[in-house]
Amino acid sequence: MDISGKVALVTGGGSGIGRAICVALARAGAQVAVVDIDEAGGGETVRQLRSKGGKATFVAGDVSSPAGITGIFDAVSAAVGKPQIVHNNAGIMTADTPGWPEASLERVYKVVTINAAGVIMGTRQAVALMKDTGGVVINTASTTALTPLPRDAVYASTKALVVHFTHSCAELAESHGVRVNAIVPNATETPIIAKTGDGVTMAPWLAPLLEGVELIKPEAVAACALDLIRDDKAAGICRVIDFDGERDLQAAAPPAQP
Ligand SMILES: NC(=O)c1ccc[n+]([C@@H]2O[C@H](COP(=O)([O-])OP(=O)(O)OC[C@H]3O[C@@H](n4cnc5c(N)ncnc54)[C@H](O)[C@@H]3O)[C@@H](O)[C@H]2O)c1
């Protein structure tokens with residue numbers, strides 16, 4: 001897909017990987033709808049995009065409920081038109097609380113509704129909206145989907161869901177004209193895992209896991225997302241961005257459908 005002139009909706013666009021994706025999309029000529037629950041972060045992304053001549057609009061929204069999702073898609077369509085690129089990127093860990101299983105029930109529920117339900121509902125809305133015009137959905141998974149993560153079992157499992165869901169959506173390219181793909185980053189330099197300032201701080205259980213590791217730059221993750229958007233053959237691809245390069249996860253072929 002040629003990104004120039006398209007409306008792109010990015011959830012979690014107010015920080016980290018989402019912000020880097022908004023920057024890259026704006027640079028490629030998209031009209032970017034920056035969606036975030038955090039108005040200050042979303043507003044800052046819009047300011048940065050506009051300061052470089054990009055087209056950007058902030059839409060406040062919460063991806064964790066059906067009403068939140070329909071509100072986001074309605075507001076974006078009304079403000080800048082129907083999106084043809086939708087990136088379901090918003091996500092949270094329990095890492096900034098005690099982690100699993102001490103995290104509160106409320107926090108556990110939030111991780112599930114934002115990371116898993118938010119991606120499924122966002123994809124559902126995108127397909128409903130884009131099936132006549134065609135479009136691309138990108139979901140943000142994580143390499144925590146691939147190996148057990150005892151201290152954040154909930155987060156890792158929601159990311160495994162995103163991988164399986166994305167593989168399962170491959171055929172929507174043919175049936176609905178919408179290509180659904182996922183990026184699967186390893187540890188990336190963003191506030192979700194590290195607060196930078198006077199020094200890098202992480203949840204005490206997370207720090208030893210990442211000791212000595214050079215975190216991936218959000219810009220590298222954004223570049224991978226844009227590759228998948230541009231590649232008209234990419235459907236159901238889950239692309240890992242790892243410390244030593246990129247690779248696609250292989251899914252078993254689905255059984256023949258009746
Ligand atoms: N940083 C990493 O190491 C890493 C690695 C793999 C995957 N990821 C994934 O990348 C995505 C982005 O994470 P990040 O590292 O940029 O973190 P981040 O904390 O910098 O950004 C997440 C953004 O999502 C927003 N958000 C949270 N809840 C929301 C909601 N209910 N509705 C709308 N927006 C909401 C936050 O306000 C924030 O702006 C997440 O899905 C995360 O799981 C991150």
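## Ligand shell

The shell around the ligand is made up of eleven nonpolar, 15 polar and three charged residues (Ala, Val, Leu, Ile, Met, Phe, Trp, Tyr, Cys and Pro count as nonpolar, Asp, Glu, Lys and Arg as charged, and the others, Gly among them, as polar). This is a predicted model, in which local features need pLDDT of at least 70, side-chain atom pairs count only at pLDDT 80 or more, and totals for chains, interfaces and linings use all residues. Residues are numbered from 1 along each chain as its sequence is written.

In total, 29 residues surround the ligand, with G12, G16, G91, T190 and I192 the closest (near means a C-beta atom, placed from the backbone, within 6 Å). Helix 1 (residues 16-27) gives the most to this shell, three residues (helices are DSSP runs of H or I, at least four residues, and strands runs of E, at least two, numbered from the N terminus).

## Helix 2

Let's turn to helix 2. Its buried residues are G41, G42, T45, V46 and L49 (buried: 20 or more other C-beta atoms within 10 Å of its own; exposed: 12 or fewer; partly exposed: in between; C-beta atoms are placed from the backbone). They lie on the same side of helix 2 because they cover an arc of only 140 degrees around the axis, taken from the directions from the helix axis to the C-beta atoms.

The face turned away from that buried side carries the exposed residues E39, A40, R47 and S51. After helix 2 comes G53, with a positive phi near 85 degrees.

## Helix 5

In helix 5, the buried residues are V154, Y155, A156, T158, K159, V162, V163 and T166. Their cover includes helix 4 (105-130), strand 5 (135-140), strand 6 (178-185) and strand 7 (238-242) (contact: C-beta atoms, placed from the backbone, within 7 Å).

How values were computed
Two residues are in contact if their C-beta atoms, placed from the backbone, lie within 7 Å.
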